[in-house]
Amino acid sequence: MRLTRLSLTVLLVGTPLVPAMAQLRASRPPKPVTNNPRLLVANPYSFSPGDSAPAIRVGSGLREKLTDDADRWFSVITRQQMNEALLKYAYPADAMLPPLVARTLATALQARTMISGTIAKGEGGRFTFVARLAGLNDDAGQVVTMSQKPNQSFEDFGGQVADAMIPAMKALEDAKACMDQQKTKPDKAAEAARKALQNLPNHGLSEYCLGELALAQKKSDDALTHFRNATKGDSLSLKAWNQQAVIYQQKHDSSKTIETYKQMLRVAPTNQALREEALKLFLGYGQPEAAIEVAKEGLSIDPNNTDLLDLMSNACLYKGDNKCAIDALEQVYAIDSTKADSTFFIKMTFAASKQPDTTRFLKWAKLGVMRHGPTPTLLGQLTQAYAFAGPMDSLVATTMRLMAVDTASVDVVIKTVKALQEGKRIKEAIPFKEYVLKYGADQDKQNYGILLAQGALPLLQPPQDLVGAAEVARISVPLLPVGQRAAQLANYVLGMSAFFQAVALDKDATEQKSCEIAKRMQTFMEEAAPALTIGKPIAAESVDKLLTGVEQYKPRLAQMQKAYCK
């Protein structure tokens with residue numbers, strides 16, 4: 001059965017053993033205990049859960065054959081011992097584990113060396129097994145790739161792979177001698193490596209050791225040759241590939257550097273630091289497509305690999321293909337929603353905002369705040385999503401929440417004001433005044449003032465809201481430089497609304513003989529005159545008429561106050 005956890009300390013509910021267990025050969029009596037280092041032979045891992053039964057049988061055949069044939073070098077951990085450990089850590093018996101997880105199991109079982117690998121079904125329903133022998137602390141090992149013969153049993157297939165592993169086991173002792181002596185006795189180290197290579201050309205760890213020796217002698221060309229040979233023997237050695245990449249970068253060979261990093265990603269797609277480093281390098285060379293290519297290759301084999309989908313999303317974001325990024329991130333969430341940390345939602349909403357894909361933008365922004373709370377960044381994204389998609393009430397409410405937790409989101413607040421202006425609900429932007437004045441830069445304040453002026457103008461039209469127009473304009477006027485068209489507009493609105501409010505009070509003042517109302521009229525007219533003068537360029541003919549009206553009202557207002565204010 002297929003498991004993809006990265007830690008044995010995380011408990012999962014065990015599942016029943018597959019029926020194919022009945023087909024496995026009976027366990028043999030235990031062999032006498034030796035002092036040889038322990039070897040874990042893990043069941044091969046398959047990306048297809050349906051291949052678990054064949055994988056278990058292949059692993060059994062491999063393990064049993066090595067128990068007999070490798071006892072000169074290793075004490076092979078028995079299937080029973082392996083299963084006891086698996087059950088202890090809440091895995092089912094004979095679980096298929098990815099190599100990284102199998103390594104953790106090997107450590108728990110105090111193994112020094114491990115055989116792990118992957119199995120995949122090919123033509124005619126026959127399987128191909130990519131098996132790797134390596135010490136748990138070794139920088140390289142040896143890979144054997146074999147295909148199942150027609151009509152060959154799974155157990156015999158595993159035994160065939162075991163036979164192919166024997167030369168690597170013979171070479172391993174000398175290779176380790178090279179690694180142990182490379183700093184203290186480099187000559188003897190090189191001699192040990194060459195001895196290993198006589199038994200097995202391109203032995204991964206031996207060639208890697210020779211590469212390290214060459215680097216120590218500053219012979220980069222020789223080192224490169226050895227590291228290349230190391231990856232011929234062990235194509236899964238991340239360290240050997242990395243050493244090649246370093247040398248290629250020193251040689252300023254961008255093409256080979258990119259190809260080497262692509263291979264490193266194929267070897268270790270779950271390595272977060274490597275993914276970040278590789279993507280940075282690809283972008284530096286202007287080649288985000290390299291990351292996308294590697295991701296697509298891996299996903300064709302393992303469609304549920306969230307690490308490759310993450311790599312794909314990042315590359316697509318940098319490339320500007322936001323739909324590609326969104327699609328990849330949505331697949332990550334569908335496969336494993338626990339991977340959706342706050343960074344996930346920031347990337348998702350950023351990509352959606354660029355389309356803008358309003359439906360997905362709002363969906364993921366809301367979900368992000370729901371999952372990770374009202375952080376400034378996520379609230380800012382949600383505010384922008386409401387600005388795109390509405391409803392307006394939610395936009396205003398979310399903006400108020402954002403202002404309460406973040407003093408650095410003036411740009412988002414201004415976007416809300418713009419949405420209110422376009423939606424003819426500018427009065428709802430009044431509560432943002434103190435925030436913008438306190439935290440905004442000069443340009444932010446001007447932008448706020450411009451939007452207020454533009455939003456206030458429609459309030460002069462039927463159905464009029466003269467009080468609202470004046471209130472908005474009074475905030476706008478001091479924010480705008482004198483002579484600016486927006487400043488003229490703000491003053492025009494203020495002058496018009498003040499004048500007509502004064503005129504509207506005339507009847508009440510007269511009927512009630514009210515001194516207070518007469519004084520209010522006087523205040524409005526005094527406010528209207530200078531504002532209309534500044535705003536005259538907006539509608540000169542209309543303003544001239546109103547300014548004449550202001551002058552004509554002066555004696556009337558004086559008479560009213562003389563009569564009513566005793």
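Trainee: Is Trp-364 buried or exposed?

Mentor: Buried means under 20% relative accessible area, exposed means over 50%, and partly exposed is in between, with a 1.4 Å probe and protein chains only. Trp-364 has a relative accessibility of 3%, so Trp-364 counts as buried. This is a predicted model, in which local features need pLDDT of at least 70 and side-chain atom pairs count only at pLDDT 80 or more, while totals for chains, interfaces and linings use all residues. Residues are numbered from 1 along each chain as its sequence is written, and side-chain values use heavy atoms, with hydrogens and water left out.

Trainee: How many aromatic pairs does the structure hold?

Mentor: A pair of aromatic rings is described by the distance of the centres and the angle of the planes. Rings of Phe, Tyr and Trp (its six-membered ring) pair if their centres lie within 6.5 Å; planes under 30 degrees apart count as stacked, over 60 as edge-to-face and the rest as tilted. The structure holds twelve such pairs. One of them is edge-to-face: Tyr-333 with Trp-364, at 5.0 Å centre to centre and 80° between the planes. Tyr-333 is in helix α13 (residues 322-335) and Trp-364 in helix α15 (residues 358-372), so the pair ties together parts 31 residues apart in sequence. Helices are DSSP runs of H or I with at least four residues, numbered from the N terminus.

Trainee: Which aromatic pair is tilted, with 55° between the planes?

Mentor: That is Phe-361 with Phe-388, at 5.8 Å centre to centre. Phe-361 lies in helix α15 and Phe-388 in helix α16 (residues 376-389), so this pair ties together parts 27 residues apart in sequence. Phe-361 is buried at 0% relative accessibility, whereas Phe-388 is partly exposed at 42%.

Trainee: Where is Asn-83, and what does its side chain reach?

Mentor: Asn-83 sits in helix α2 (residues 79-88). The side chain of Asn-83 reaches the backbone nitrogen of Asp-94 at 2.7 Å. With neighbours within four places in sequence left aside, Asn-83 is in contact (heavy atoms within 4.5 Å) with Ala-93 and Asp-94.

Trainee: What is the peptide bond from Gly-390 to Pro-391, cis or trans?

Mentor: Most residues other than glycine have a negative phi, and most peptide bonds are trans. The bond from Gly-390 to Pro-391 is cis, with omega near -5°. Pro-391 is in the loop between α16 and α17 (392-405). Another cis bond joins Pro-462 and Pro-463, with omega about -10°.

Trainee: Is the phi of Asn-202 positive or negative?

Mentor: Asn-202 has a positive phi of about 60°, although it is not a glycine. Asn-202 lies in the loop between α5 (186-199) and α6 (204-216).

Terms used:
Helix = DSSP H or I, 4+ residues; strand = E, 2+ residues; numbered from the N terminus. Polar contact = N/O pair within 3.5 Å; in protein donor to acceptor, adjacent residues only side chain to side chain.
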